[in-house]
Amino acid sequence: MLFNIVRLSRSRECLELGTAYGLSALFISGSLRANGDRGHLTTLEAEEPQFSLATTMLKEKYGDSITCIHGTTQGQLANIAKPLPGLDFVFHDAGHTLEDYTMDFNAFVGSLRRGAVVLIDDINWDDRRWSTGPTRTHEGWLEVVSHPRVKRAVEIDQELGLLLVN
């Protein structure tokens, strides 16, 4: 799905939040290459050893067409999003709470081009192993959907949220 969304939207500047071991970044970067190797992916991961493992693998395969940044969305996202030339696609698979979704979206929404696509993973996520209280992810998704720049929003299999931004 990631490959096809990036390819069909003809995205050139992409941002991924939550790299983990780099599988999603491989799909996004592969799609950028299939579109003529004109694109760039910036990816952000907070955890080790995921960051180091993913960075090594992604840099070997995609070189300068990918930038891997270590840190949290709260600590890095505002600094990352501002200098980007205009985001065409964002994949959010970082923190899964109402606060994470809304803070992160508000941090990068100003960098989204008209017609940009945003894909948010785990919009109904509530895994007690990873949170100390209610995650309220779906409430966060609904807050993001209500943003004035969101033109269309679709929920896919109650797991993914897809946005088209004006």
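Arg10 is found in the loop between α1 and β1. Helices here are DSSP runs of H or I with at least four residues, strands are runs of E with at least two, and both are numbered from the N terminus. This is a predicted model, where local features need pLDDT of at least 70 and side-chain atom pairs count only at pLDDT 80 or more, while totals for chains, interfaces and linings use all residues. Residues are numbered from 1 along each chain as its sequence is written, and side-chain values use heavy atoms, with hydrogens and water left out.

Back to Arg10: its phi is positive, about 55°, although Arg10 is not a glycine. With 46% relative accessibility, Arg10 counts as partly exposed. That label has cut-offs: buried means under 20% relative accessible area, exposed means over 50%, and partly exposed is in between, using a 1.4 Å probe and protein chains only. Now take Arg136, which sits in the loop between β5 and α6. Arg136 also isn't a glycine, yet has a positive phi of about 55°. Its relative accessibility is 38%, so Arg136 counts as partly exposed.

## Two prolines in loops

Pro49 lies in the loop between β2 and α3. The peptide bond leading from Glu48 to Pro49 is cis, and its omega is near 10°.

Pro148 has its place in the loop between α6 and β6 (150-156). Is Pro148 buried or exposed? It counts as exposed, because its relative accessibility is 71%. Pro148 and Thr102 are 46 residues apart along the chain, and 13 Å separates their C-alpha atoms.

Helix α2 covers residues 23-34, and its 12 residues should span 16 Å at 1.5 Å a residue; the end C-alpha atoms are 17 Å apart, which agrees. The expected span is 1.5 Å times one less than the number of residues. Just after α2 comes Gly36, with a positive phi of about 110°.

Which residues of α2 are buried? They are Ser24, Ala25, Ile28, Ser29, Gly30, Ser31 and Leu32. Their cover includes α1 (2-8), β1, β2 (40-45), α3 (50-62), β3 (66-70) and β4.

## How α2 meets α3

The axes of α2 and α3 come within 11 Å and cross at roughly 10°. That makes the two helices, α2 and α3, roughly parallel. Angles under 35 degrees get that label, over 145 means roughly antiparallel, 65 to 115 roughly perpendicular, and the rest oblique. Axes are lines fitted to C-alpha atoms, for helices over the stretch in contact, with angles from 0 to 180 degrees between N-to-C directions.

On the α2 side, Ala25, Leu26, Ser29, Gly30 and Arg33 meet Met57, Leu58, Lys61 and Tyr62 in α3. Contact means heavy atoms within 4.5 Å.

## The nonpolar cores

In soluble globular proteins, nonpolar side chains tend to be buried together. A nonpolar core is a set of buried Ala, Val, Leu, Ile, Met, Phe, Trp, Tyr and Cys residues joined through side-chain atoms within 4.5 Å. The largest one here has 25 residues, and those with the most contacts inside it are Leu15, Phe105, Phe108, Leu112, Val118, Ile120 and Leu163. Elements giving two or more residues to this core include β1 (13-17), α5 (98-108), β5 (112-121) and β7 (160-165). The biggest giver is β5, with 4 residues.

Leaving aside residues up to four places away in sequence, Phe105 touches Leu112, Val118, Val144, His147, Val150 and Leu163. Another core lies apart from the largest one and has 19 residues, among them Leu2, Cys14, Leu32 and Leu160.
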